[in-house]
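Work through the exercises below with the sequence and the 3D view at hand. Try each task before you read its solution.

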Amino acid sequence: MIMQAEDKKVYTDEEYLEFEVNSEKRHEYINGEIALMTGGTPNHNKIAGNFYAALNFALKRQPYDVFFTDQRLWIPKKRIYTYPDVMVVQGELQLQEGRRDTITNPLMIAEVLSASTRSYDKDAKFTAYRTIPSFQEYLLIDQYTMHIEQYFKTEQKRWIFSEYDDANEIISLNSLPFQITLADIYDRVEFESVEVST
């Protein structure tokens, strides 16, 4: 999602949560700063929706919960509240103490990259996610071209990287029983020529 800084005031966790619960828009909280998360492009929403729908159907009646866009995640070691595009929790939901709307134990997270968040999602956000003990797998899905990066944790501080760019390729998640082709993830997505800053 495209993010824009609201201002430079430093907020406490409690101030952010009170603000967020009463806001009509979603905001991310990063160590005292609040950033507006604006709406995504049609491609962003199609990709995230395709992936969520396939995951949710494949995992029905299994011990997993699949969340899409609006579920808040708390990363205590980095003091970040965020809303991953797609997130899977295995087993019982662990909620932030005193909250019923904020989870803390994702197994797998997928983010659809945009021009404005690409570097953040690949670097600082992935670093933050890796501080979550339950977190085992990360997918970065490009919305401008058919390209997906997959990271899977094999042991403490060791991750395996794979990438995919062909419609017929199958992505197999390592953290849970699920496979999907790139063609299904990118179903009805129309690519345009977009300049992406590095």
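**Exercise 1. In what order do the six strands of the open sheet lie, and which strands stand at the edges?**

Solution. Keep in mind that this is a predicted model.
- Step 1: Read across the sheet. The order is β4-β7-β9-β10-β11-β12, and the pairing is mixed.
- Step 2: Look for strands with a single partner strand. These are β4 (64-68) and β12 (158-164), so one side of each has no neighbour in the sheet.
- Step 3: On average it is 15°, direction ignored.

**Exercise 2. How do β4 and β7 run, and how many bridges join them?**

Solution. 
- Step 1: Recall the general rule. Strands of a sheet pair through backbone hydrogen bonds, parallel or antiparallel.
- Step 2: Apply it here. β4 and β7 run antiparallel, joined by five bridges.
- Step 3: Find one of the bridge partners.

**Exercise 3. Which strands does helix α2 lie across?**

Solution. 
- Step 1: Locate helix α2 at residues 42-58.
- Step 2: Follow the helix over the sheet. Helix α2 lies across β4, β7, β9 (108-113) and β10.
- Step 3: Compare directions. Helix α2 runs at about 165° to β4.

**Exercise 4. Where in the chain do R118 and D142 lie, and are they buried or exposed?**

Solution. 
- Step 1: Confirm the contact. Their side chains form a salt bridge of 3.1 Å, N to O.
- Step 2: R118 belongs to helix α3 (residues 118-122) and D142 to strand β10 (residues 137-142), 24 residues apart.
- Step 3: Judge the accessibility. R118 is buried at 15%, and D142 is buried at 7%.

**Exercise 5. How many salt bridges does the whole structure hold?**

Solution. 
- Step 1: Search the whole structure. There are eleven.
- Step 2: Look for a network. E28, E111, D121 and K125 are linked in one.
- Step 3: E155 and R158 meet at 3.6 Å, N to O, and E155 is partly exposed at 46%.

Definitions and conventions:
Residues numbered from 1 in each chain as written. Predicted model: local features only at pLDDT ≥ 70, side-chain atom pairs only at ≥ 80, totals over all residues. Heavy atoms only, no water. Salt bridge = Lys/Arg side-chain N within 4 Å of Asp/Glu carboxyl O. Helix = DSSP H or I, 4+ residues; strand = E, 2+ residues; numbered from the N terminus. Buried < 20%, exposed > 50% of the residue type's maximum accessible area, 1.4 Å probe, protein only. Pairing = 2+ DSSP bridges. Axes fitted to C-alpha atoms, helices over the stretch in contact; angles between N-to-C directions. Contact = heavy atoms within 4.5 Å.
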